[in-house]
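Work through the exercises below with the sequence and the model open. Each task is followed by a solution in steps.

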Amino acid sequence: MRLTTMTDYAMRLLMYVGRHPERLCTISEIAQAYDISEPHLMKITHRLAQRGWIETVRGKNGGMRLARPPEDIALGAVLRDTENDLALVECFATGSRCTLSGYCGLTGIIEGALQKFMDHLDGYTLADILPERAGCGPARSEHTIKLVDMT
């Protein structure tokens with residue numbers, strides 16, 4: 001399973017905006033910070049705003065901010081809103097013509113794995129993936145990954 005660029009960039013955008021709650025963030029600055037094209041980021045911003053994850057303010061001094069506290073933004077919910085297709089195999093798709101439908105045991109196994117994946121993401125919020133800020137401890141440190149330089 002591979003998540004789309006839309007989901008990757010949406011998570012990055014939410015993390016960036018979540019790190020700057022004291023001000024409005026612009027598409028331009030986020031695009032520059034992550035080396036993402038502005039038109040692509042504009043589509044993502046529009047979708048996140050439509051779904052209620054961020055608020056946008058138009059005009060010269062406009063920008064975006066989180067529409068709710070980071071603790072109220074479930075990662076699984078964001079993923080469901082940004083992924084267009086979670087049908088990992090043909091038989092999950094609407095109108096599937098899989099010749100194995102009805103007697104294939106793999107469907108249930110993959111469906112269970114996808115459910116566990118989504119349940120795991122549902123256990124985390126944007127607050128859990130934001131970098132530490134002064135006065136705030138690390139969230140869910142038992143799941144922190146240490147990066148090791150292998151060069």
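**Exercise 1: burial of a helix**

In α4, the buried residues are Leu75, Gly76, Val78, Leu79, Asp81 and Thr82. The model is a predicted one.

Task: State how many residues of α4 are buried and which elements are among those that cover them.

Solution. 
1. Buried means under 20% relative accessible area.
2. By that cut-off, 6 of the 8 residues of α4 are buried, so the helix is mostly covered.
3. The cover over these buried residues includes α1, α3, α5 and α6 (126-129).

**Exercise 2: packing of α1 and α2**

Task: Describe how α1 packs on α2, giving the angle, the distance between the axes and the handedness.

Solution. 
1. Two packed helices are described by the angle between their axes and the distance between the axes.
2. For α1 (residues 5-18) and α2 (residues 27-34), the angle is about 115° and the axes are 11 Å apart.
3. Angles of 65 to 115 degrees count as roughly perpendicular, so α1 is roughly perpendicular to α2.
4. The crossing of α1 past α2 is right-handed.
5. On the α1 side the contact is made by Arg12, Leu13, Tyr16 and Val17; on the α2 side, by Glu29, Ile30, Ala33 and Tyr34.
6. Sorted by class, this contact has 6 nonpolar and 2 charged residues, and no polar ones.

**Exercise 3: packing of α2 and α3**

Task: Describe the crossing of α2 and α3 in the same terms, and list the residues that meet.

Solution. 
1. The axes of α2 and α3 come within 9 Å, and they cross at roughly 120°.
2. This angle makes α2 oblique to α3.
3. The handedness of the crossing is right-handed.
4. From α2, Ile27, Ser28, Ile30 and Ala31 meet Glu38, Leu41, Met42 and Thr45 of α3.
5. The contact of α2 with α3 divides into 5 nonpolar, 2 polar and 1 charged residues.

Technical notes. Residues are numbered from 1 along each chain as its sequence is written. This is a predicted model: local features need pLDDT of at least 70, side-chain atom pairs count only at pLDDT 80 or more; totals for chains, interfaces and linings use all residues. Side-chain values use heavy atoms; hydrogens and water are left out. Axes are lines fitted to C-alpha atoms, for helices over the stretch in contact, and angles run from 0 to 180 degrees between N-to-C directions. Helices (H or I, at least four residues) and strands (E, at least two) are DSSP runs, numbered from the N terminus. Angles under 35 degrees count as roughly parallel, over 145 as roughly antiparallel, 65 to 115 as roughly perpendicular and the rest as oblique. A crossing is left-handed if the near helix is turned anticlockwise from the far one by less than a right angle, and right-handed if clockwise. Contact means heavy atoms within 4.5 Å. Ala, Val, Leu, Ile, Met, Phe, Trp, Tyr, Cys and Pro count as nonpolar, Asp, Glu, Lys and Arg as charged, and the others, Gly among them, as polar. Buried means under 20% relative accessible area, exposed over 50%, partly exposed in between (1.4 Å probe, protein chains only).
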